[in-house]
Amino acid sequence: MGTPSRRKAAEDAEVIVVGAGPAGSTAATYLARAGLDVLLLEKSTFPREKVCGDGLTPRGVKQLIDLGIDTREEAGWLQNKGLRVVGGGVTLELDWPDLATFPPYGVVRTRQDFDEMLARTAQRAGARLLEQTNVTGAVVDDRSGRVVGVSAKVGPERSPVTYRAPVVLACDGVSARLALSVGLDKIESRPMGVAVRRYYASPRSKDDYLESHLELWDRSGPEPRLLPGYGWIFGMGDGTVNVGLGILSTSKAFGKTDYRALMRSWLDGTPEEWGFREHNATGKIGGAALPMGFNRTPHYARGLLLVGDAGGMVNPFNGEGIGYAMESAKLAAECVVQALARPEGPARERALAGYPVALKQALGSYYRLGNIFSRLIGNPLVMRTATKYGLPRTTLMKLVLKLLAGLYDPKDGDAFDRMITAATRIAPSV
Ligand SMILES: Cc1cc2nc3c(=O)[nH]c(=O)nc-3n(C[C@H](O)[C@H](O)[C@H](O)COP(=O)(O)OP(=O)(O)OC[C@H]3O[C@@H](n4cnc5c(N)ncnc54)[C@H](O)[C@@H]3O)c2cc1C
């Protein structure tokens with residue numbers, strides 16, 4: 001005998017998830033596996049491109065493993081064993097740390113492939129994926145003020161449709177259209193980043209390390225200025241390389257810099273044989289914003305949860321967002337599963353209110369430190385000093401890598417792990 005549906009007659013699903021990026025597909029997978037009826041709404045059609053660096057540190061890989069994704073190279077991933085840091089006249093190869101919490105490897109895969117794979121995983125788990133469904137805003141109940149569904153434009157004709165469910169997850173990325181429709185603006189005092197990337201055919205396509213270049217000089221003004229951010233070179237293993245750069249909003253140059261020109265000038269200075277020249281480009285330069293350090297809150301209010309970029313989950317230390325989108329999705333799904341097993345009313349609300357609490361516990365203090373860090377390096381003097389004196393010190397850089405990539409064991413770790421854990425204990429949560 002099948003399980004009787006818990007859906008009310010006027011509802012289209014038990015949970016609506018808006019956006020099938022890493023946040024949405026991960027949440028939909030966990031929710032569907034828990035037996036919930038999930039509607040996953042996506043404005044585009046898979047496979048589709050997403051402007052990204054395509055790189056995951058072990059922190060992101062852990063999320064894939066938790067979800068049951070096969071991350072071996074045979075399954076189409078290019079694994080890497082650490083980070084190569086270039087700057088201050090030195091090149092350092094730092095292997096990912098050996099930890100109990102995270103695997104010792106990162107991965108690279110195009111988002112075109114990656115996102116479709118995750119969306120299909122959600123479908124296989126039982127989520128109903130509707131593509132070409134562009135959500136235009138929340139449906140709010142007049143009396144309770146709760147979000148009880150979404151309105152959308154569907155198909156090439158953009159026909160208006162309304163979907164209803166007792167809980168809605170906003171996983172629609174940095175545009176955060178759903179959150180904006182209920183008045184949740186971004187918090188201007190929290191850091192943002194801007195990043196641009198392009199693919200090139202290059203002999204550097206197979207690389208055991210993710211490479212980051214810490215010296216990005218803005219030469220557009222009278223004085224060259226060292227920018228807070230980094231350039232990356234991630235070999236894709238298929239003859240191409242994903243090259244890009246990201247800059248933090250905390251510098252004076254933010255918003256005034258021509259990022260595409262900055263990228264061209266950086267790449268023109270790289271060795272000819274790497275191939276980062278116009279004639280080797282396999283596509284256009286694409287760019288987008290990086291919402292960091294919980295820059296949109298509350299993460300739960302009145303039936304709506306903000307997950308991934310929509311809730312500003314990008315790590316302010318390093319600009320990584322895929323793993324954190326998945327991590328927040330997992331926490332959100334756990335709370336929603338508990339909530340929907342309870343009757344409507346205060347008991348259910350208590351379970352949903354557990355989501356921002358769980359997020360704060362997992363990332364709040366670490367992101368608070370990250371927000372401070374991003375302000376510090378927004379000062380060119382601090383950035384210059386850190387690059388000049390920090391980089392040549394391998395032991396110090398091992399600590400920096402752990403801190404910047406969130407790769408430390410909160411329990412039973414080494415001395416560095418204990419230092420980072422202590423710092424996050426002292427820092428209040430964002
Ligand atoms: C240039 C660049 C490089 C980056 N490099 C890296 C990197 O190397 N590693 C890393 O970890 N992170 C990187 N990031 C950050 C990362 O891309 C994001 O943090 C991550 O994609 C967030 O996942 P998400 O699911 O929250 O949002 P998204 O990936 O943006 O997914 C949102 C989904 O919602 C859909 N959607 C949007 N609006 C609507 C709507 N109204 N209705 C229906 N569907 C909608 C979109 O089509 C999309 O499928 C980079 C970002 C940029 C811009």
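Is Ser25 buried or exposed, and why? At 1% relative accessibility, Ser25 counts as buried (buried means under 20% relative accessible area, exposed over 50%, partly exposed in between, with a 1.4 Å probe and protein chains only). This is a predicted model, where local features need pLDDT of at least 70, side-chain atom pairs count only at pLDDT 80 or more, and totals for chains, interfaces and linings use all residues. Residues are numbered from 1 along each chain as its sequence is written, and side-chain values use heavy atoms, with hydrogens and water left out.

**View 1. Ser25 and its surroundings.** Ser25 sits in helix H1, residues 22–33 (helices are DSSP runs of H or I, at least four residues, and strands are runs of E, at least two, numbered from the N terminus). Its side chain reaches over to the backbone oxygen of Ala20 at 3.5 Å. Skipping neighbours within four places in sequence, Ser25 is in contact (heavy atoms within 4.5 Å) with Gly19, Ala20, Leu40, Leu118, Ala119 and Ala122.

**View 2. The buried residues of helix H9.** In H9 (residues 394–404), the buried ones are Met397, Leu399, Leu401 and Lys402. They pack against strands E5 (82–87) and E6 (90–95), plus helices H8 (380–390) and H10 (415–426). Just after H9, look for Gly406, with a positive phi of about 60°.

View 3. Searching the whole structure turns up 0 disulfides (a pair of cysteine sulfur atoms within 2.5 Å). For Cys52, the nearest cysteine sulfur belongs to Cys171, 16 Å away. Cys171 has its closest cysteine sulfur in Cys335, but at 14 Å that's too far for a bond. Cys52 is buried, at 17% relative accessible area, and Cys171 is buried too, at 6%.

Definitions and conventions. Polar contact = N/O pair within 3.5 Å; in protein donor to acceptor, adjacent residues only side chain to side chain.
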